[in-house]
Amino acid sequence: MSEFTGKASLVTGAGSGIGRAVAIGLARRGASVAVLDIDADGAEATGATITKAGGTAMAIATDVADEDSMRSAIRQTVEALGGLNFAVNNAGIASTGQDLTAMELTAWDRIMRINLTGTFLSMKHEIPELRRAGGGAIVNVASNGGLYAIPQAPSYVASKHGVIGLTKVAAVDYASVGIRVNAVAPGITRTEMFDRVAPGTETIALQEAATPLGRFATPDEIAEAVIWLCSDQSSYVTGIAMSVDGGRRA
């Protein structure tokens, strides 16, 4: 994937988990990477890992749900890296164990603001820079919960369905200017966020048994799919939501 050499990329939610794996994977292939995360320490740690390995990275503390913060992060990225060629919108939070009728509006709003509005604001300010660069690729990290229901997760499922819908609209609207927009829909992935919200080990074993490949994904496995969608190897792919789930959706 030598086309990444000399290219500038941006990854939100890159302080941990899938976002961190994507940022490191892009850097290993030669891209310079803006590492965005609301967790400044996490962003700095990812950036330090990249630079220690000889790559180019800058860490920016960013709240994707705040337009001024996102606008500033894009501006800093372009000024420091010389433009923007790829963007991966990964920032998001999980929410489970909710009864729709008992859910507080504030809890609903928080999930939608970060997962869906955050993706909208990211693309709103990324797309003009990709156009200035003559085109590029955006990958939004959704979830298999954006393709079907997850019990007791109404806000999460709604937000991730929204991310996939937004992805498809942007893919159609900006194809003519050379911008491809796709989503990945990971199955259960062993990230730090998963470990915080996962139920007991018995339920984990049941979930793994229900996955045809018999295990959960690693962040690096999801990152490989994201990076492929950024690359020229997927040059005729736009507007899809790619399941990366060990066969779970099948």
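Arg 29 counts as partly exposed in this predicted model, with a relative accessibility of 22%, and its place is the loop that joins helix H1 (17–28) to strand E2 (32–37). Although Arg 29 and Thr 56 are 27 residues apart along the chain, their C-alpha atoms are separated by 11 Å. The points below take up the packing of helices, then an aromatic pair, and then individual residues in a helix and in a loop.

**Helix H1 against helix H2**

- The crossing of H1 and H2 is right-handed, and the contact brings Arg 20, Ala 23, Ile 24 and Ala 27 of H1 together with Ala 45, Thr 46, Thr 49 and Ile 50 of H2.
- Sorted by class, the residues of the contact of H1 with H2 are 5 nonpolar, 2 polar and 1 charged.

**Helix H3 against helix H4**

- Helix H3 (residues 67–81) and helix H4 (residues 105–132) have axes that lie 9 Å apart, and the two helices pack at an angle of about 30°.
- H3 and H4 are therefore roughly parallel to each other, and H3 passes H4 in a right-handed crossing.
- On the H3 side the contact involves Glu 67, Met 70, Arg 71, Ile 74 and Val 78, which meet Leu 121, Ser 122, Lys 124, His 125, Glu 126 and Glu 129 on the H4 side.
- The residues of the contact of H3 with H4 comprise 4 nonpolar, 2 polar and 5 charged.

**Helix H4 against helix H5**

- H4 also packs with helix H5 (residues 154–174), here at an angle of about 15° and with the axes 8 Å apart.
- That angle makes H4 roughly parallel to H5, and H4 passes H5 in a right-handed crossing.
- From H4, the contact draws on Trp 108, Ile 111, Met 112, Asn 115, Leu 116, Thr 119, Phe 120, Met 123, Ile 127 and Arg 131.
- From H5, the residues that take part are Pro 154, Ser 155, Tyr 156, Ala 158, Ser 159, Lys 160, Gly 162, Val 163, Leu 166, Ala 170 and Tyr 174.
- By class, the residues of the contact of H4 with H5 divide into 14 nonpolar, 5 polar and 2 charged.

**The aromatic pair**

- The count of aromatic pairs comes to 1, with ring centres required to lie within 6.5 Å.
- The rings of Phe 4 and Phe 86 form this pair, which is tilted, with 5.0 Å from centre to centre and 45° between the planes.
- Phe 4 lies in the segment before strand E1 (8–12), whereas Phe 86 lies in strand E4 (residues 86–89), so the pair ties together parts that are 82 residues apart in sequence.
- Phe 4 counts as buried, at 0% relative accessibility, and Phe 86 is likewise buried, with a relative accessible area of 6%.

**Thr 77 in helix H3**

- Thr 77 is found in helix H3 and is buried, its relative accessible area being 0%.
- Once its neighbours within four places in sequence are left aside, Thr 77 is in contact with Leu 10, Ala 34, Leu 36, Met 58, Ile 60, Gly 82, Gly 83 and Leu 84.

**The loop between strand E5 and helix H5**

- Ile 150 lies in the loop between E5 and H5, and at 30% relative accessibility Ile 150 counts as partly exposed.
- Computed along the sequence, as it were, Ile 150 and Thr 96 are 54 residues apart, yet the C-alpha atoms of Ile 150 and Thr 96 are 8.5 Å apart in space.
- Gln 152 is also placed in the loop between strand E5 (136–141) and H5, and although Gln 152 is not a glycine, it has a positive phi of about 60°.

Definitions and conventions. Residues are numbered from 1 along each chain as its sequence is written. This is a predicted model: local features need pLDDT of at least 70, side-chain atom pairs count only at pLDDT 80 or more; totals for chains, interfaces and linings use all residues. Side-chain values use heavy atoms; hydrogens and water are left out. Axes are lines fitted to C-alpha atoms, for helices over the stretch in contact, and angles run from 0 to 180 degrees between N-to-C directions. Helices (H or I, at least four residues) and strands (E, at least two) are DSSP runs, numbered from the N terminus. Angles under 35 degrees count as roughly parallel, over 145 as roughly antiparallel, 65 to 115 as roughly perpendicular and the rest as oblique. A crossing is left-handed if the near helix is turned anticlockwise from the far one by less than a right angle, and right-handed if clockwise. Contact means heavy atoms within 4.5 Å. Ala, Val, Leu, Ile, Met, Phe, Trp, Tyr, Cys and Pro count as nonpolar, Asp, Glu, Lys and Arg as charged, and the others, Gly among them, as polar. Rings of Phe, Tyr and Trp (its six-membered ring) pair if their centres lie within 6.5 Å; planes under 30 degrees apart count as stacked, over 60 as edge-to-face and the rest as tilted. Buried means under 20% relative accessible area, exposed over 50%, partly exposed in between (1.4 Å probe, protein chains only).
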